[in-house]
Amino acid sequence: MNRTFLILGSVLLALGVASYVVSSYTSLIGGRTHSIIPLGGIGLAVLGALIAVGGVMMGKAGAKTGGQFKCAKCGAVFGSQTALDQHTKDKHGK
């Protein structure tokens, strides 16, 4: 989860909803029934929601390589210590 995108998306979502509510309310008070400003608030809210969802789905860089074991002699990477030990014994004679 990328916290920066999650926070940015949440802020944009809140600003979009607030913009929509305020512009809808002022257009009702002013007597205008057709205004394009509420559509901008909806667009901002949708953009914020998409960024927030992307932030939740996105992983941190290098998170997939955690828990891997690397051979000191040849640089081969293994998913467990047992596999690394077997490789070391088979390939490097220890």
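A disulfide here means a pair of cysteine sulfur atoms within 2.5 Å. By this rule the count comes to 0 disulfides. Cys-71 is accordingly in no disulfide, with the sulfur of Cys-74 as its nearest cysteine sulfur.

How accessible is each of the two? Cys-71 is buried, with a relative accessible area of 6%, while Cys-74 is partly exposed at 44%. Buried means under 20% relative accessible area, exposed means over 50%, and partly exposed is in between (1.4 Å probe, protein chains only).

## What you are looking at

This is a predicted model, where local features need pLDDT of at least 70 and side-chain atom pairs count only at pLDDT 80 or more, though totals for chains, interfaces and linings use all residues. Residues are numbered from 1 along each chain as its sequence is written, and side-chain values use heavy atoms, with hydrogens and water left out.

The pLDDT score is the predictor's confidence in each residue, from 0 to 100. The chain averages 83, and 79% of the residues score at least 70. Confidence is lowest in α1, at a mean of 86, and highest in α2, at 90. Where pLDDT is low, the predicted coordinates should not be read in detail.

## The overall layout

The chain has 3 helices and 2 strands, and along the sequence they follow the pattern α-α-β-β-α. Helices (H or I, at least four residues) and strands (E, at least two) are DSSP runs, numbered from the N terminus.

Of the 94 residues, 18% count as buried. The chain exposes about 6900 Å², with carbon and sulfur atoms supplying 68% of it; these areas come from the Shrake-Rupley method with a 1.4 Å probe, and for residues only the protein chains shown count as cover. Contact means heavy atoms within 4.5 Å. Among contacts with a separation of 6 or more, residues 24 or more positions apart account for 52%.

Start with Gly-9, which lies in helix α1. Gly-9 is buried, at 0% relative accessible area. Its C-alpha atom is 4.8 Å from that of Ile-51, 42 residues away along the chain. Leaving aside neighbours within four places in sequence, Gly-9 is in contact with Gly-48, Ala-49, Ile-51 and Ala-52.

Leu-13 is also found in helix α1.

Leu-13, Val-17, Tyr-20, Val-21, Leu-39, Ile-42, Val-46 and Leu-50 make a nonpolar surface patch of about 710 Å². Helices α1 (3-30) and α2 (37-57) each supply at least two of the patch residues. Leu-13 counts as partly exposed at 35% relative accessibility, and so does Ile-42, at 38%.

What makes a patch? Its residues have over 30% relative accessible area and no salt bridge, with like charges joined within 9 Å and nonpolar side chains (Val, Leu, Ile, Met, Phe, Trp, Tyr) within 5 Å. A salt bridge is a side-chain nitrogen of Lys or Arg within 4 Å of a carboxyl oxygen of Asp or Glu.

## Back to the cysteines, by way of α3

His-87 lies in helix α3 (residues 81-92) and counts as buried, at 12% relative accessibility. Beyond its neighbours within four places in sequence, His-87 is in contact with Cys-71, Cys-74, Ala-76, Phe-78 and His-92.
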